Amino acid sequence: MRKMVLSLMSVAALALNGCHGSSSESAQPADSNAAAPTTAATAAAAPAAAPVGPANEVSGTVSVRGAGSLSPNATLVINLVDVSATASGAAPLATKTAPAGTFPQAFQLTFNKAEVKADDLYVVQASLTDGDRHYAMPIQAPVLTKGNKNTGVAVELVAEQTPGEKVLAEFDGVQKQIGGMKVSNGTKLDKDISRGWQVFRQAGEVKFIRELVDYGDKGFTSTDYAYKDGKLWAAVQQKKSNKDAKPTSTDSVGWDDSGTLVLKQHQAGGNTQDLDGDAAASLHKQGVEILNLATNGKKK
């Protein structure tokens, strides 16, 4: 009988301990490091990753290859342009015009994202103007679409020939060819002036005249004239104290196809400056007169 009572008490104690253990486990706090379950609602509420750099800005650096000193009037223009065939003539998405300043220099162009078409091609176009000198980009700088970057865009500008330099380069080219042209000679004596010339023709057309004028004690000039269709388009005149002396000055003039004077250069004593309008007009008059004289007014 005693054994049975002890057994019943032992069972009751085990049952009581089991109840206490269950209650203790249920009271334990949740592990703060445990991952919370993900639901569609929480995923939708999560913020999107921030984009790298402004989504509506193109930025980079402009440099100028071999740039010397620029004048205070030099102007830099930067455009963001759609160069796709379907966008021909469209206005730039963004533009910036400012004094040139110093180089290299940073730039930023802000645009309207709604205007960008994913299938179009966009480029940064920059140009620098300083008087007659123009600087342009030899290589395009694509941006925005087709995997091109919008930041760190490197733009390089290179100097182009001025209109006057183009005329002078063409003149030098013709001058080098006169050895293969048909040549004729002439002379004329005036009071205190001795004049001689050579006329160079190609395909029956006067291309070049070289005139030597001896003014006696007043000096000597050697002048090369270039012609197109009977019209003077360039001339280079050297002034000397006498025929065998070194030039004391050299004047160069030239006109473009529209007849605008684009080359007007005076060199003397190692310095170069603009030739004044009266001197340029005088050289033009001399070129017309020697053509008439050397061709008996036929201009060919």
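A residue counts as buried when its relative accessible area is under 20%, as exposed when it is over 50%, and as partly exposed in between. By that rule, buried residues make up 31% of the 300 residues in the protein. The model is a predicted one. The protein has 4 helices and 16 strands. Of the contacts between residues at least 6 apart in sequence, 47% join residues at least 24 apart.

**The sheet**

- An open sheet is formed by 8 strands, with antiparallel pairing, in the order S9-S10-S11-S12-S13-S14-S15-S16.
- Strand S9 (182–190) and strand S16 (271–274) are the edge strands, each pairing on one side only.
- From one strand to the next, the twist averages 15°.
- Strand S14 (residues 249–255) and strand S15 (residues 261–268) run antiparallel and are joined by 6 bridges.

**Helices on the sheet**

- Helix H3 (residues 163–177) packs on the sheet and touches strand S11 (205–214), strand S12 (220–228), strand S13 (231–240), S14 and S15.
- The direction of helix H3 makes about 80° with that of S13.
- Helix H4 (residues 277–294) lies across S9, strand S10 (193–202), S11, S12, S13, S14 and S15.
- Helix H4 runs at about 75° to S12.

**Aromatic rings**

- A pair of aromatic rings is described by two values, the distance of the centres and the angle of the planes.
- The structure holds 3 aromatic pairs.
- In one of them, the rings of Phe171 and Phe208 have centres 5.6 Å apart and planes at 35°, so this pair is tilted.
- Because Phe171 lies in helix H3 and Phe208 in strand S11, the pair ties together parts that are 37 residues apart in sequence.
- Phe171 and Phe208 are both buried.
- Phe171 also pairs with Trp233: the ring centres are 6.5 Å apart and the planes are at 75°, so this pair is edge-to-face.
- This second pair links distant parts of the chain, with Phe171 in helix H3 and Trp233 in strand S13, 62 residues apart.
- Like Phe171, Trp233 is buried.
- Ring pairs link Phe171, Phe200, Phe208 and Trp233 into a cluster.
- A charge also meets one of these rings: the charged end of Lys228 sits over the ring of Trp233, 4.7 Å from its centre.

**Gly254 in the sheet**

- Gly254 lies in strand S14 and stands opposite Leu263 in S15.
- The relative accessible area of Gly254 is 0%, so this residue is buried.
- Leaving aside neighbours within four places in sequence, Gly254 is in contact with Val167, Trp233, Ala234, Thr260, Leu261, Val262 and Leu263.
- Gly254 and Phe171 are 83 residues apart in sequence, and their C-alpha atoms are 8.8 Å apart in space.

**The loop between S7 and S8**

- Thr145 is in the loop between strand S7 (141–143) and strand S8 (153–159).
- Thr145 has a relative accessible area of 6%, so it is buried.
- The side chain of Thr145 reaches the backbone oxygen of Asp120 at 2.6 Å.
- Apart from neighbours within four places in sequence, Thr145 is in contact with Val116, Lys117, Ala118, Asp120, Leu121 and Tyr122.
- Lys146 is in the loop between S7 and S8 as well.
- With a relative accessibility of 56%, Lys146 counts as exposed.

**Backbone points**

- Most residues other than glycine have a negative phi, and most peptide bonds are trans.
- Lys146 has a positive phi, near 60°, and is a residue other than glycine.
- Lys299 also has a positive phi near 60°.
- Lys299 is found in the segment after H4 and is partly exposed, with a relative accessible area of 40%.
- The peptide bond joining Phe103 and Pro104 is cis, with omega about 0°.
- Pro104 is placed in the loop between strand S3 (94–99) and strand S4 (105–110).

How values were computed: Residues numbered from 1 in each chain as written. Predicted model: local features only at pLDDT ≥ 70, side-chain atom pairs only at ≥ 80, totals over all residues. Heavy atoms only, no water. Pairing = 2+ DSSP bridges. Helix = DSSP H or I, 4+ residues; strand = E, 2+ residues; numbered from the N terminus. Axes fitted to C-alpha atoms, helices over the stretch in contact; angles between N-to-C directions. Contact = heavy atoms within 4.5 Å. Phe/Tyr/Trp six-rings, centres within 6.5 Å; stacked < 30°, edge-to-face > 60°. Buried < 20%, exposed > 50% of the residue type's maximum accessible area, 1.4 Å probe, protein only. Lys NZ or Arg CZ within 6 Å of the ring centre and 35° of its normal. Polar contact = N/O pair within 3.5 Å; in protein donor to acceptor, adjacent residues only side chain to side chain.
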